[in-house]
Each structure stands twice: as C-alpha cells, then as structure tokens.
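Me: I would like to go through this model with you, beginning with the sheet and then turning to the helices. Could you start with the terms?

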Amino acid sequence: MISLSVNGTEHRLEVSPDMRLLWVLRDILGLTGTKFGCGMSQCGSCTVHLDGEAARSCVIPVSVAAGKNITTIEGLSKDGSHPLQRAWVEHQVPQCGYCQTGMIMSAAALLAKNPKPTDADIDGSITNICRCGTYARIRAAIHTAAGKPASDTGASA
C-alpha cells in the first residue's frame, strides 16, 4: 500500500512500488493532463511537481513520490485561471499542444523560485522540448505571468 498526496487529496493505492508515477497518475487516478512523451526524462511532457520541484514523472517510481506533495496540471487551478494558463492563451503558445502541460508545470516551478526570471533564467530552467518550436511564445508567456502575485504563480506545497 502506497500513500500519495496528489493535488491536496490523499490516496492509498495498491500498486507496485516500481510503477512509474506517470502511470499511477494517468491510469490509476485518471489525471490525464500529464502526458507521456519520450519515457526517458528528456522531453518533459510528463512534468509534475514533487514538493514544489519540477520532476519528470515518467522515470520516477511511485515509491519515491510517497510522502511528498504531488501537483499535476489539474492541481494548478481548477478552472484554468492560473496566471501561466491565462498567459499561455494570451500569447497563443500551443501549437499541437502535447508538451504544454509539462511546459506550464516547469514554468510554475521556475516562477515559484524566481518570480522575475530573465530570458537566460528561462532558457536555463525550462529544458522541456516542444516539437512545434514555440519557445519564443513560451518565454513571452512566462514573462507575462511573472508579473502576477506570487500566490498565483503555482507555488505548490
């Protein structure tokens, strides 16, 4: 039995401790906002927060996440009103959209630590891959969201 705290809700799950966190979130808990991309922690589509830190859920055994606060894109805001989500729409960031939830989660972790990042800070911190190449829009959206109150920047506990 593994206990997980996901988006503020406690879950007790009968899963293998080696099962990857991504599959627990998607297949067991039905939180399908977190995407499977490369399966090798390279692309970042599977990014969630573990105790506020961006983490690639495709390679993390669920046993490692036990006892930590996990935040998925569904936990960032209930209605898509998070400043990053609004900025994503304002700057029309998504193209195919597949990587976007991971991008937003990485950006939220960045803003929680660095509320006013420079372009270099963003480029150094957001290592997710967007096959559509929307990096300039992503950077602009992060700058727009960076001007919002810290309580609205996705700092997950």
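Reply: Two strands pair if DSSP finds at least two bridges between them. Strands (E, at least two residues) and helices (H or I, at least four) are DSSP runs, numbered from the N terminus. This is a predicted model, in which local features need pLDDT of at least 70 and side-chain atom pairs count only at pLDDT 80 or more, while totals for chains, interfaces and linings use all residues. Residues are numbered from 1 along each chain as its sequence is written, and side-chain values use heavy atoms, with hydrogens and water left out.

Me: How many bridges join β1 to β2?

Reply: Five bridges join strand β1 (residues 2-6) to β2, and the two run antiparallel. Isoleucine 2 stands opposite leucine 13 in β2.

Me: What is the strand order of the sheet?

Reply: The open sheet has five strands in the order β2-β1-β5-β3-β4, with mixed pairing. Since β2 (9-13) and β4 stand at the edges with a single partner strand each, one side of each is left without a neighbour in the sheet.

Me: And how do β3 and β4 pair?

Reply: Strand β3 (residues 47-50) pairs with strand β4 (residues 53-56) in the antiparallel sense, over four bridges. The two form a hairpin with two residues between them, and aspartate 51 in the turn has a positive phi of about 50 degrees. Histidine 49 stands opposite alanine 54 in β4.

Me: Now salt bridges. How many does the structure hold?

Reply: The structure holds two salt bridges, each defined as a side-chain nitrogen of Lys or Arg within 4 Å of a carboxyl oxygen of Asp or Glu. One of them joins the side chains of glutamate 53 and lysine 113, at 2.6 Å from N to O. Glutamate 53 lies in strand β4 and lysine 113 in helix α5, so the pair ties together parts that are 60 residues apart in sequence.

Me: At what angle do α4 and α5 pack?

Reply: Helix α4 (residues 83-90) and helix α5 (residues 100-113) pack at about 125 degrees, with their axes 10 Å apart. Axes are lines fitted to C-alpha atoms, for helices over the stretch in contact, and angles run from 0 to 180 degrees between N-to-C directions. The two helices are therefore oblique to each other: angles under 35 degrees count as roughly parallel, over 145 as roughly antiparallel, 65 to 115 as roughly perpendicular and the rest as oblique.

Me: Which residues of α4 meet α5?

Reply: Leu84, Gln85 and Trp88 in α4 meet residues of α5 including Met103, Ile104 and Leu111, where contact means heavy atoms within 4.5 Å.
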